[in-house]
Amino acid sequence: MSTVPAGADSADDEPGGGPDTPAGRRHEPDLRSMTRITLRPIASPMPLGFFTVAIASVMTGCLQLGVFEAADRRAVALCVLPAFALQLLVSVLAFQARDVIAATLMGTFAGSWLAYSLVMGVGAEGGPRVLAVFNLAFLCFGALMTAVTGPKRALWAVLVVSLPRWAVTGLAGLTGTEWLTRTAGALGLLVALTAAYAAYALMLEDMRSEEVLPIGRSGPAHHAVEGDLAVQLRNLERHAGVRRTL
């Protein structure tokens, strides 16, 4: 598209456009100088997300370890159900904070807690086997997410300890092997400890505006926290919500 110099007379300024302009269309001026992009700072939702993972993992892990009886499954499902709403909220806020990795992970976690709560809560026929396949599918998703979350060490660590739990839980559900179920419960407590540490470390960092407990950020994640405002606004015009298509 050719550019008309400022102040030059052109038929494009007329509603009908120039002779080469299709009917009903007109020349659009460069609007970049008049464009303003407003950013709204928010508190980090990640501590809430990690604490939710920790608490829900404790409940499901204790059920697998035999701390709760089989008849307590519905009560455990009801306790886990709020994790769906909380992590869905975290996902929405993470999308608003322009963190697609955290938003995708937390949103998928929210869906998994909802599926677990519904299946276990209503005592659906074939529930354990269905959840076993669900956990194995989640294992594939987690492996893909682990490959891209390296710079975000907190997310990466939670995923790394979650992968064997999803694998063992899936195998336990398909085979009905007792020791696999107990192993999955122990791994669930390990996931809870890792998630709780990540949540606590992020809360301390936010309160003191500096890293207190090691999180291990690297690459873009490190620059996002340690860099200046210019780093935060880099490539802003290409972010979803600013560009025309996703």
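## Gly 173 and its surroundings

Gly 173 is found in helix H5. The structure described here is a predicted model. Leaving aside residues up to four places away in sequence, Gly 173 touches Pro 128, Arg 129 and Ala 132.

## Packing of H1 against H2

Two packed helices are described by the angle between their axes and the distance between the axes. For H1 and helix H2 (residues 73-96), the angle is about 165° and the axes lie 9 Å apart. Because angles over 145 degrees count as roughly antiparallel, H1 is roughly antiparallel to H2. The crossing of these two helices is left-handed.

On the H1 side, the contact involves Met 46, Leu 48, Gly 49, Thr 52, Val 53, Ala 56, Met 59, Thr 60 and Leu 63. These residues meet Arg 73, Val 76, Cys 79, Val 80, Ala 83, Leu 86, Gln 87, Leu 89 and Val 90 in H2. By class, the contact of H1 with H2 comprises 13 nonpolar, four polar and one charged residues.

## Packing of H2 against H3

H2 also packs on H3, at an angle of about 160° and with the axes 7 Å apart. This angle makes H2 roughly antiparallel to H3. H2 passes H3 in a left-handed crossing. The residues of the contact of H2 with H3 divide into 21 nonpolar, six polar and two charged.

## Packing of H3 against H5

The axes of H3 and H5 are 12 Å apart, and the two helices pack at an angle of about 35°. Their crossing is left-handed. H3 contributes Ile 101, Ala 102, Leu 105, Met 106 and Phe 109 to the contact, while H5 contributes Leu 155, Leu 159 and Trp 166. By class, the contact of H3 with H5 has eight nonpolar residues, no polar residues and no charged residues.

## The second largest pocket

Rolling a probe the size of a water molecule over the atoms shows where empty space is left. The second largest pocket holds about 770 Å³ of space. Helices H1 (46-65), H3 (100-122), H4 (127-148), H5 (153-175) and H6 (178-208) are the elements that give two or more residues to the lining of this pocket.

In total, 32 residues line the second largest pocket, and Thr 60, Gln 64, Tyr 116, Met 120 and Thr 169 lie nearest its centre. Thr 60 of H1 also takes part in the contact of H1 with H2.

How values were computed. Residues are numbered from 1 along each chain as its sequence is written. This is a predicted model: local features need pLDDT of at least 70, side-chain atom pairs count only at pLDDT 80 or more; totals for chains, interfaces and linings use all residues. Side-chain values use heavy atoms; hydrogens and water are left out. On a 1 Å grid over the protein atoms alone, a cavity is a set of points where a 1.4 Å probe fits but cannot get out, and a pocket is an open set with protein on both sides within 12 Å along at least five of seven lines; lining residues have an atom within 4 Å of a point. Grid points are joined across faces, edges and corners, and a volume is the space filled by probe spheres set on the points. Helices (H or I, at least four residues) and strands (E, at least two) are DSSP runs, numbered from the N terminus. Axes are lines fitted to C-alpha atoms, for helices over the stretch in contact, and angles run from 0 to 180 degrees between N-to-C directions. Angles under 35 degrees count as roughly parallel, over 145 as roughly antiparallel, 65 to 115 as roughly perpendicular and the rest as oblique. A crossing is left-handed if the near helix is turned anticlockwise from the far one by less than a right angle, and right-handed if clockwise. Contact means heavy atoms within 4.5 Å. Ala, Val, Leu, Ile, Met, Phe, Trp, Tyr, Cys and Pro count as nonpolar, Asp, Glu, Lys and Arg as charged, and the others, Gly among them, as polar.
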